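Hello,

Here is the structure I promised to pass on. My notes follow below it.

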Amino acid sequence: MAVETRSQYQEELERLEASGLGGLDLVNGSLDRTLEAVEHQDVELAALVIADDDRIDGRYLEVHQSLITLLATQSPVATDLRLISALLHVLKNVERMGDQCVNICKMIPLTGNEPPADEGMVKLILDMGRQTHTLISQSKRAFEDRNVELARDLVRQDDVVDNLNRECFGLALEIGDDPDRREWAMTMLLAARAIERIADNAVDIGEQVAFVVTGLFKEFEDASHPNG
Amino acid sequence: MDSRDPTESPIMTEQNPEPQADPRTGPDQSPPMVSAVGEPAAKQQRRSREIGHVELQSLNAYYGSNHAVRDLSLDFDSAKVTAIIGPSGCGKSTMVRCINRMHEEIAGARSEGKVLLDGLDLYDPQIDIVAVRRAVGMVFQKPNPFPTMSVFDNVTAGLRLTGASRSELEDRGREALVGAGLWEEVKDRLKAPGVSLSGGQQQRLCIARALAVDPEVLLMDEPCSALDPVATLRIEELIGELKERVTIVIVTHNMQQAARVADTTVFMLSGELVEVGPTDRVFTNPDDDRTEQYVTGKFG
């Protein structure tokens, strides 16, 4: 009785999942170049990241459209429906992460050719970026493996990013009275904030993993009720 | 649920001291299956008292040596729509046909276990089988109006057997057609042959015919599979309206239809009950792997 059916539909769904999650690899590439541009104040590399964001947006649009087509034509239900719903969320996260990289890269020319950079702050931002790279990879693996434990662990990893962000803020407070240095520090705080948001997006992807597996959506951590 | 004393029921023939219900008596004297016309409020009240609750207890059904329904226990809630889904041959139609005792009409077919309607065992030897089918109406896959009868005669065919007066036939015939959402379309052609209507209208005519005798339960076996999408949506809308007054059990191969119309969805496989639950849960997060596989179309 158990005849295999709908193999084309299943293959298409698998392809779209791979393609959507592949967007996270694009984001990591973009994030790595962004960090390099921050480290070396590389305006040209920053411009490249900005231009390259079209690829991430393109991936978003293409997979999004194909998922809508599947919804319209295949009436997916149960796990398939949850997977498609989750992928639509993940795509939005991917697109947002790419935009945050663009935001950072747009700041780099503002700091000038020979900015009065504070080495300690740059190091913290690079550490944040590397940690966030790990989070993104982990969120992808958790999704692919439907691993809720691994997804939940993203919260712990994200705490590291949050702490680095706070340290960054502390350093900025003590940057001194030189107006140029203060301007640079404030710009870098915005960059740190953007990386911190990218890491939050990775945690959101983890929440979608839990939804696909359990059918229940629950925020791992509720920012508006931190003790709730 | 406790079984009611069958002797108190109107669908008992032998020990029921009352003769066949007099159509002119008011709703108070009238037994539940032949309630009076023009008393929607009274009817609403009856519904709120949970009339039309069907309970299957360890139901088994056979065609000769073929064990088609296996030890199935299930409740159908009052004034709710329950959809039965499952692959061909899973026993869903057989199960439904046990509820109005149509299964046993097939040569070599038999069933075991209990079917209770509001606590009354429909397989009790003293039960009047005609009254059972009046209380538990059925609509089939293919619209089957009586071919030689007019629209109006089709609707009132069942009522006529109860000895209803002409004026009552007219009232209740109209009420049934209104209830089936067909009145506006056929009010000027009540004398036309039933089979002259479109397929979708014929199916609603069959629903009207079932409603005319004021059933507690309406069984629908693939009621839309011979209809076009518009006629199908019309019937689905009607199901939503009717569930206020009658318990509906619908067998369907169209899972989207089950998802649209049913409050509760039942999944059967190889004669057995696999899963029963609120429709939204069954279609978003089913408990059983086999349900998941079936509703996502991984087998069928």
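B:Ile85 is buried, with 29 other C-beta atoms within 10 Å. (Buried means 20 or more other C-beta atoms within 10 Å of a residue's own, with C-beta atoms placed from the backbone.) This is a predicted model: local features need pLDDT of at least 70, side-chain atom pairs count only at pLDDT 80 or more, and totals for chains, interfaces and linings use all residues. Residues are numbered from 1 along each chain as its sequence is written, while chains are lettered from A and ligands numbered from 1 in the order in which they are written.

B:Ile85 is found in strand S3 of chain B. (Strands are DSSP E runs of at least two residues, helices are H or I runs of at least four, and both are numbered from the N terminus.) Leaving aside neighbours within four places in sequence, B:Ile85 is in contact with B:Thr252, B:Met255, B:Ala258, B:Thr265 and B:Phe267. (Contact means C-beta atoms, placed from the backbone, within 7 Å.)

Now the sheet. Strand S3 (residues 81-85) of chain B pairs with strand S9 (residues 264-269) of chain B in the parallel sense, over four bridges. (Pairing takes at least two DSSP bridges between two strands.) B:Thr82 has B:Thr264 as its bridge partner in S9(B). The open sheet has six strands in chain B, in the order S6-S7-S8-S3-S9-S10, with mixed pairing. Its edge strands are S6 (136-139) and S10 (272-278) of chain B.

Last, a helix. Seven of the 10 residues of H4 (residues 151-160) of chain B are buried, so H4 is largely enclosed by the rest of the structure. Among them are B:Val151, B:Phe152 and B:Leu159.

Best wishes

Definitions and conventions. Buried ≥ 20, exposed ≤ 12 C-beta atoms within 10 Å, placed from the backbone. Contact = placed C-beta atoms within 7 Å.
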